[in-house]
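Please keep the structure open while reading.

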Amino acid sequence: MSTTRKRVYGYLAEFKSASALYKAAEKIRDAGFRKWDCYSPYPIHGLDGAMGLKRSILPWFVFFGGMTGCATAFALAYSTQVVIYPTIVQAKPANIFTVPAFFPVMFELTILFSGFTVLFGLLALIQLPRLNHPLFASKQFHRATDDGFFIAIEARDPKFSPNQTKELLAEIGGANIELVEEED
Amino acid sequence: MASTTTTAPETHTGVKLPVLEREKLILNERSYHWITERICGVVENKQPLLWWLLFIPSALIAAIGVGGGLFHLVSTGVGVWGNTNRVMWGWPIVNFVFWIGIGHAGTLISAILFLTRQNWRTSINRAAEAMTIFAVMCAGIFPAFHVGRVWFAWFLAPVPNANAVWQNFKSPLLWDVFAVSTYFTVSLIFWFLGMVPDLATIRDRCKPGLRKVIYGILALGWRGGNRQWSHYEMAYLLLAALSTPLVLSVHSVVSFDFATSVVPGWHTTIFPPYFVAGAIFGGFAMVLTIMIPARFVYGLQDLITMKHIDNMAKIILLTGTIVGYAYLMELFVAFYSGAIYEMDAFKFRIAGPYWWAYAAMMSLNVISPQFFWFKACRENLWVVMAIAMCVNVGMWFERFVIIVTTLARMWLPGDWKTFSPSAQDQMLFVGTIGMFLALFMLFLRFLPCINIAEVKWTKPEADPHFDDKEHHPDHGVKAEPAYQKELV
């Protein structure tokens, strides 16, 4: 068997409940850590504030995605109906005054483009999909999607120190503190 | 966390009456792990015999009805359908409107009830969204093949073609193409994104192997970190906000296919709200039809409680009554307009050769849900199932009445025809029922049928301030149930 070098990813600690996780998150935030995250089986209300996270910027992406959809639909309908191939039916005009008839398609494409922007914007923001992650090497981390509440502090955080960070996690109520390593 | 509210708001100054405690959404104080076990167990354990007894026949019916039926149709020509030169929409469009309407309950539950913070939706939203996807798939078959030569169905899309002819963007039929395809796509995104954390749960429970790889790919590497949840919740909120007007637009656009025509009985302004209410009505009946048996077979009674069924029954009662109002208003407007053609169209519907369809529509859609005024009826699952079945059938008849009876008596007496569906019509319709059930069975078998993460979130201890006794600097105070003690 070849020897593989291992690199420390960080510390993983378990907390007993959502409220324990919440209180621990506030302390780690106040200790000035940056590269860390709380893991829970469901979204915990108010944890963003406890972690010092800003509101998601996804709505801005979606706003511009939706505007693009609306403009695309208008350009498509106007260019084909008024410029390239005017269809005179039901005595409706084939000029700019026919625009109200384009509203349903403009609405639908606004929603469609917004929907795609939500999907791809979200994946970009949460940096997924990815097939593996150092945390998946942990023996206990699988409980984060079942009934476990965890905090992981990464080694690349400037405040990280092998002993003090471990002590901090123990002090704020972390159990089963584990050093997670990834293969280099 | 609305489920923990036990006091009236602080601003209330009048006499304080006792506030009834909300019924719990999850019974018997189940733990997080129990919820995971029970829902993932549906996917991981061997399927009960009943699953096979339902899946095999429905898959066969789908293969023969949809596969065989469409093969026969395409190789022979649409003439094998019962559509005639006058009743050119016939059964295919009846079935299209029927199926597309079924889907609306799923989006209502996942989007509108989310925006209005109705936490009881969490136990049923996943299955209802799956139902939406499958119903829209069934619906899409009909107009695609109804164009006649299905290999030219791409003419519906606004892409350049050799004839240099462009689609008519002023036509509701083209609006329909955009509305239905957008609806399907956005519903699929909503369904899939909602499922990602739960797929990660299944992934984390799998032993290493092919199964873990497949669920791992579907779960996209989800870790459940709050830096992910934070964006994820925003994405979910945005999709709900986008889907809410979308679902209202889809059936409105479908109703424009009728309402913008100059046909007596169709040319009415009440159609969009009437169609949307009818769609939600029929959709909820289908959710009940499917979820009541599933909850017994998989032992999900603690998650899908009688409270959920009670709420759905009340929505059926409400929307059924709106539909009834629309039926009567149509009659009144026809009478009040004084237009002889309009009056005649409705006389023909009620007392013509299709009187039985009109009577079935009225009794099944308007009268049968009225039983839900009584608590005893909402609590008896046999009654609930029976009424849900009545509504399923009744809503199909509604579309039959609107489409067939109207087209059978248009302006010119020389055009008058009576429509009867051919065997191929019936075969394809029954086939889509089989397809819908077979797809739903596969969904139960392979995907988490209840939203695991959201159900956990509805538990009282999911609130990070659940065990706070005193003032909390960030998020206010946990309400003290003081005056309730006084009353005791």
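1. Start with A:His133. This residue sits in the loop between helix H4 (103–125) and S3 of chain A. In this predicted model, A:His133 has 18 C-beta neighbours inside 10 Å, so it counts as partly exposed. The class follows from the cut-offs: buried needs 20 or more, exposed 12 or fewer. Which residues does A:His133 touch, leaving aside its neighbours within four places in sequence? The contacts are B:Gly221 and B:Arg223. Within its own chain, A:His133 and A:Arg34 are 99 residues apart in sequence, and 19 Å separates their C-alpha atoms.

2. A:Gln127 is exposed, because 12 other C-beta atoms lie within 10 Å. The loop also holds A:Pro129. The peptide bond between A:Leu128 and A:Pro129 is cis, with omega at about 0°. Please check both backbone features by eye.

3. B:Ala164 has a positive phi of about 55° and is not a glycine. The residue is found in the loop between helix H4 (125–146) and H5 of chain B. B:Ala164 has 8 other C-beta atoms within 10 Å, so it is exposed.

4. H4(A) has 23 residues. From its first C-alpha to its last it reaches 32 Å, close to the 33 Å expected at 1.5 Å a residue. Is H4(A) enclosed or open? The rest of the structure largely encloses H4(A), because 17 of its 23 residues are buried.

5. Domain 1 takes 6–53 + 127–183, and domain 2 takes 58–125. The centres of domain 1 and domain 2 of chain A, taken over C-alpha atoms, are 44 Å apart.

6. Next, the strands of chain A. Strand S1 (residues 6–15) of chain A is mostly covered, with 7 of its 10 residues buried. Which strands does S1(A) pair with? One is strand S4 (residues 175–183) of chain A, antiparallel over 7 bridges. In that pairing, A:Arg7 has A:Glu182 as its bridge partner in S4(A). Another is strand S3 (residues 149–154) of chain A, joined to S1(A) by 6 bridges and also antiparallel.

7. The interface comes next. Chain B puts 59 residues in contact with 60 residues of chain A. Which elements of chain B give two or more residues to this side? They are helix H1 (32–44), helix H5 (172–205), helix H7 (226–259) and helix H15 (452–457). H7(B) supplies the largest share, 16 residues. By class, the chain B side divides into 29 nonpolar, 18 polar and 12 charged residues.

8. One site in chain B is worth a brief note. B:Asp310 lies in helix H9 (residues 306–337) of chain B. This residue has 16 C-beta neighbours inside 10 Å, so B:Asp310 counts as partly exposed. B:Asp310 and B:Lys375 are 65 residues apart along the chain, yet their C-alpha atoms are separated by 8.4 Å.

9. Last, confidence. The model scores ipTM 0.94 and pTM 0.90. Chain B has a mean pLDDT of 88, and 91% of its residues reach 70 or more. Where in chain B does pLDDT stay under 50? One stretch is residues 1–5, for which the model has 13 contacts beyond four places in sequence. Another is residues 471–488 of chain B, which has 17 contacts beyond near neighbours in sequence. Where pLDDT is low, the predicted coordinates should not be read in detail.

Notes
Residues numbered from 1 in each chain as written. Chains lettered and ligands numbered in written order. Predicted model: local features only at pLDDT ≥ 70, side-chain atom pairs only at ≥ 80, totals over all residues. Helix = DSSP H or I, 4+ residues; strand = E, 2+ residues; numbered from the N terminus. Pairing = 2+ DSSP bridges. Contact = placed C-beta atoms within 7 Å. Nonpolar A, V, L, I, M, F, W, Y, C, P; charged D, E, K, R; others polar. pLDDT = per-residue confidence, 0-100. Domains from an automatic or database assignment. Expected span 1.5 Å × (residues − 1).
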